[in-house]
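Welcome to this guided tour. Open your viewer, get your selection tool ready, and we will go from stop to stop together.

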Amino acid sequence: MTAAVRLDGKVALVTGAGRGIGRAEALLLASLGAKVVVNDLGGGSWGGGGDPAIAPAVVEEIRKAGGEAVAETSSVSSWEGGRRAVQATIDAFGRIDILSNNAGIARPRRLDAWEEADWDLVHDVHMKGYAATIRHAAPHFIAQKGGVIVNKSSPSGFGHYSNGAYTAAKEGVVGLTRAAARDLGQFGVRCNAIRPIARGSQMSTDPMSATLEDSEALGIPALWNRPRGLPMAVTPDPQHVAALTAWLCSDASANLNGREVFIAGAEVGLLPEPEMIRTLYAPGGWTLEAFLDPAVTAYLAGDARNRFRGRS
Ligand SMILES: NC(=O)c1ccc[n+]([C@@H]2O[C@H](COP(=O)([O-])OP(=O)(O)OC[C@H]3O[C@@H](n4cnc5c(N)ncnc54)[C@H](O)[C@@H]3O)[C@@H](O)[C@H]2O)c1
């Protein structure tokens, strides 16, 4: 018999919860009994803009279903925005137990056309923004000796054609996750990352599709080289990601801290912690001459194949 998860008495801050995955999470966590702060500035997928009605609409859905929620419309792309979102949670419900970092944008361009503003905004929303909410939630988690953080990384973090700022930011989120697990684990706090795929959200439709079409035309893998993978029997939906988030927020996953989990519809997968797959020792220390030994090249790169040259 599967144990039921209840989150009664828990308070959750979900950023970027006005749409897509964050919205599905807010609805699910509220249905499990958590009081939820729905943070979203209602921006466009390239960032900027702002529709203040997006977050209240999700709150309305939660209330209609009998749950408790409040809306919060700060941009969490700054230290101050992160502080405001956490403070709004404390002001509304007196505590914070769950922090789900979801806010996301993408500004895909090939790297010879990168603009500094694109790079900065993408990093501000994902890296600085997630660090900001974690930073300001941490004192509460430490004081109450418990809390759960769930960050959204991305399969794009493994490498995504013409989407370098996003790739770098989402990989940074994994590093942030590992660091937070180490700093906060001693206080009973857990921090894990999800690499989701979910169709139908604003981000997954609008800015990303062109990069996939371009790379396909060039014969360059747009995303990572997926070593395993089942056929996509089920269209990946935000609800599948929300279910994983709820599990990560529950005691059922108490042993998981500082890890990354992939999910796409019917498939879920735990990623390894970084590991070296081959090591060699040069007793006197490595020199260029030592690297040029054909045996060394064969061992380190013998079976390597540059898959990114494309057809040209
Ligand atoms: N959908 C996917 O396939 C997929 C894949 C990999 C990673 N992700 C990640 O999952 C998260 C959710 O993505 P989604 O597909 O549901 O996107 P979405 O665009 O549907 O939702 C993201 C929400 O974040 C909000 N937002 C953006 N900047 C914000 C800011 N500064 N402050 C507050 N809110 C902000 C937007 O207004 C939007 O409502 C993102 O971090 C995304 O990078 C999604």
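**Stop 1**

Select strand β6, residues 189-197. V189, C191, A193, R195 and I197 point one way from β6, R190, N192, I194 and P196 point the other way, and all are buried. Here "buried" means under 20% relative accessible area, "exposed" means over 50%, and "partly exposed" is in between, using a 1.4 Å probe and protein chains only. Nine of the nine residues of β6 are buried, so the strand is largely enclosed by the rest of the structure.

A word about what you are looking at: this is a predicted model, in which local features need pLDDT of at least 70 and side-chain atom pairs count only at pLDDT 80 or more, while totals for chains, interfaces and linings use all residues. Residues are numbered from 1 along each chain as its sequence is written, and side-chain values use heavy atoms, with hydrogens and water left out. Helices (H or I, at least four residues) and strands (E, at least two) are DSSP runs, numbered from the N terminus.

**Stop 1**

Two strands pair if DSSP finds at least two bridges between them. Click on N151 and look across to A193 in β6, which stands opposite.

Keep both strands on screen and select helix α5, residues 164-184. This helix lies across β5, β6 and β7, running at about 160° to β6. For angles like this one, axes are lines fitted to C-alpha atoms, for helices over the stretch in contact, and angles run from 0 to 180 degrees between N-to-C directions.

**Stop 2: the whole sheet**

Show every strand. In what order do the eight strands of the open sheet lie? The order is β3-β2-β1-β4-β5-β6-β7-β8, and the pairing is mixed. The edge strands are β3 (69-72) and β8, each of which pairs on one side only. From one strand to the next, the twist averages 20°. Strands of a sheet pair through backbone hydrogen bonds, either parallel or antiparallel.

**Stop 3: a hairpin**

Select β7 (residues 260-264) and β8 (residues 267-270), which pair in the antiparallel sense over four bridges. F262 has G269 in β8 as its bridge partner. Two residues lie between the strands of this hairpin, and G265 takes a positive phi near 60°.

**Stop 4: the other end of the sheet order**

Move to β2, residues 35-39. Four of its five residues are buried, so β2 is largely enclosed by the rest of the structure. β1 (residues 11-14) is joined to β2 by four bridges, and the two run parallel. Four bridges also join β2 to β3, again running parallel. Pick V36: A12 stands opposite this residue, and V36 also stands opposite A69 in β3. Helix α2 lies across β2 and β3, running at about 180° to β3.

**Stop 5: helix α1 and its two partners**

Select α1 (residues 20-31) and α2 (residues 54-64). Their axes come within 10 Å and cross at roughly 25°. α1 and α2 are therefore roughly parallel to each other; angles under 35 degrees count as roughly parallel, over 145 as roughly antiparallel, 65 to 115 as roughly perpendicular and the rest as oblique. R23, A26, L27 and A30 in α1 meet V58, E61 and I62 in α2, where contact means heavy atoms within 4.5 Å.

The contact is made by G20, I21, A24, E25, L28 and L29 of α1 and P238, Q239, V241, A242, A243, T245 and A246 of α8.

**Stop 6: two loop residues**

Most residues other than glycine have a negative phi, and most peptide bonds are trans. Find K145 in the loop between α4 (116-144) and β5. K145 has a positive phi of about 55° although it is not a glycine. Then find S162, in the loop between β5 and α5. Its phi is near 55°, also positive.

Which of these is buried and which is exposed? K145 counts as exposed, at 63% relative accessibility, whereas S162 is buried, with a relative accessible area of 15%.
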